[in-house]
Amino acid sequence: MKVLQKTPTGIRGLDEITAGGLPMGRPTLICGAAGSGKTLFSMEFLVHGAKKYNEPGVFVAFEEKSEELAINVASLGYDLNQLQEDKLIKLDHVHIVRSEIEETGEYNLDGLFIRLGYAIDSLGAKRVVLDTIESLFSGLTNQAILRAELRRLFEWLKEKKVTAIITGERGAETLTRQGLEEYVSDCVILLDHRVENKISTRILRIVKYRGSVHGTNEYPFLIDEEGISVLPVTSLRLDHQVSSLRVSSGIPALDKMLGGEGFFKGGSILVSGTAGTGKTSIAGSFINEACKNGKRCIYFAFEESPQQIVRNMHSINVNLQEHLDNGLLQFSASRPTLNGLEMHLLSITKMVDKFKPDIIVLDPITNLITVGTASEVKSLLTRLIDYLQAAQITVMFTALAYNDNKTEQTDEGISSLVDAWLLVRDIELNGERNRGLYVMKSRGMKHSNQVREFVISDEGLKLVEVFLGPEGVLTGSARETQLLLEKTSVALRDHAVTRKDREIERKRLVLESKISSLKEEFESLQDELNKSYIEDDLKKNIMEDNRRQMTQKRDE
Amino acid sequence: MEEIEQEELWELRLYVAGKTARSVTALTNLKRYCEEHLKGKYVIEVIDLLVHPQLAEGDQILAIPTLVKKVPEPIRKIIGDLSNEEKVLVGLNIRPAAKFE
């Protein structure tokens, strides 16, 4: 069985969508409106071919001059002149001046064939680009000949076994103005450039790819200083590797709430809350902890500048500057309106690819909604989470809930996507606001269902157990007051207890002294009694003696 | 007289690809027009691109056959088998287009 062989384009993302690249040895049509990136696209195909895959290529330019082309792509770091000297690329500018040409009688385009054939053979080219061949139609008038010759040209390219890209300007009703799609039927790629809400997005779609599976979606793509990148981030399957390693949140008490160890590595965490509830601080200490453990982090800030974040974090004893200095932390700050959503996603993935972080923070994702609708933001985050999970990168999003009523609502609808959701909430009581932190969900681990009071102090973030009194949850100074009250009552009770003890002791002493005095009294009484007994005995004895003596005397 | 001849020398190049019927027709036609209108004032160079493919780029040759007139200025290219005499003569500036009614 012979399967269609493919030629990799080397364009980031495109080879994934096409499952390997363009059909090898066949022509591919790339169509799109003016400025949709056709020329750049095909030029990248050639340059990557020459540089990465050792496949020389011929670029036949019908519109731009060779020198202009070289200058245009120089901004992407491609030195066409050098590549031409190295015999890896040949630029051929086919120039047709209508006014110079007179047509008389039958002709064919053998001249073009010979030129192209010569260029291909002199380089041993495997790749050919014809940009934009439709220019022939404006230069030559005999349509019948042109069409027949184009058909012959594409057949001839196949015979030459070169992988060709033919570009075509998009027509009103058809993919290309001259209906080139009729001739090139193996692979058709459509490029589009849309502007919605004043923000432009480039879109790529594979209209047709004969003999191959391919992604059929519209894929956004980006042209920047590194050329074209297509975003194939919508992963169709959910088969990421998972890790049971844990990542500390940087707040010991929060780790305790999360089964004692923190978040899962490669998980996604959403921190949502109303304004000023300390979402950025949570993110900051998360990053700080990670960097301290030698992990690499990127902080994508959509609201504050890096300097601002570093300064603000300093006030809660989180020193991010240190991590910036030793290269573990990277900031990327941009206004959401700078780019379309897709551009944001792309720039995030690009930075991630380059920096290879363990953890990234997006702060806040809520601002992205200014450049897209809620569903677009959700789709973006879905793809981002997919991408990051595949790369085993832990991500923390912060999201602003606009008012208290909405706090429970799923922010941007992504709470179902994330693995852990922390909610920071204002608790207003006694004329003061305090922060309460809940773990709304945390997949795959035992987590606390308790509300904790979240305290931001000079030393950092702390979670304090809230006081559950008869009046409900107490936080802040109410909690403090309650604690004081409790302390007082304890002291009072202690005091009372000791007084009673002393009283008893005193009573005992009194009683004991009473007992001893009674004893003494009894003894003296006994003595008294004994004394009278003895006296009585003595008296009796004496009286008896006397009586005896008396009797004796009488008897005498 | 000589000066004029110097000025009025037609340098003509006919690009062909092999000896096809069409290129033979073109060359025959060209020779006939030149003999009729430019006798002694022309040079015809036939370039076979199958032999010299590298020459196609220089004169921006796409179609075969192509007749290129470099001198006298302006440069003109006449493509096809040159079967339409009027067009060829206009293209070669032998007969100005304005003269035709």
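Start by colouring chain A by burial. Of its 556 residues, 43% are buried. Keep in mind that this is a predicted model. Next, switch to a cartoon of chain A, which carries 14 helices and 25 strands. Among contacts with a separation of 6 or more, 70% join residues 24 or more positions apart.

**Stop 1: the sheet of nine**

Select strands S15 to S23 of chain A. They make an open sheet of 9 strands with mixed pairing. Read across, the order is S17-S16-S18-S19-S15-S20-S21-S22-S23. From one strand to the next, the twist averages 25°.

Which strands stand at the edges? Pick residues 329-333 and 460-465 of chain A, which are S17 and S23. Each has a single partner strand, so one side of each is left without a neighbour in the sheet.

Now go to S15 and S19 in the listed order, where they sit side by side. Select residues 268-273 for S15 and 394-400 for S19, both in chain A. The two strands run parallel, and 6 bridges join them. For one bridge pair, show A:Ser272 with its partner A:Ala399 in S19(A).

As background for the pairs on this tour, strands of a sheet pair through backbone hydrogen bonds, either parallel or antiparallel.

**Stop 2: a hairpin**

Move to residues 218-224 and 227-230 of chain A, strands S11 and S12. Here the pairing is antiparallel, over 4 bridges. S11(A) and S12(A) form a hairpin, with 2 residues between them.

**Stop 3: where chain A touches chain B**

Bring chain B into view. How many residues does each chain give to the contact? Chain A gives 21 and chain B gives 28.

On the chain A side, select strand S6 (101-103) and helix H5 (110-123); each supplies at least two residues. H5(A) provides the largest share of that side, 7 residues. Colour the chain A side by class: 8 residues are nonpolar, 6 polar and 7 charged.

Select S6(A) together with strand S4 of chain B, residues 76-79. The two run parallel, and 3 bridges join them.

Terms used
Residues are numbered from 1 along each chain as its sequence is written. Chains are lettered from A and ligands numbered from 1 in the order in which they are written. This is a predicted model: local features need pLDDT of at least 70, side-chain atom pairs count only at pLDDT 80 or more; totals for chains, interfaces and linings use all residues. Two strands pair if DSSP finds at least two bridges between them. Axes are lines fitted to C-alpha atoms, for helices over the stretch in contact, and angles run from 0 to 180 degrees between N-to-C directions. A residue is buried if 20 or more other C-beta atoms lie within 10 Å of its own, exposed if 12 or fewer, and partly exposed in between; C-beta atoms are placed from the backbone. Two residues are in contact if their C-beta atoms, placed from the backbone, lie within 7 Å. Ala, Val, Leu, Ile, Met, Phe, Trp, Tyr, Cys and Pro count as nonpolar, Asp, Glu, Lys and Arg as charged, and the others, Gly among them, as polar.
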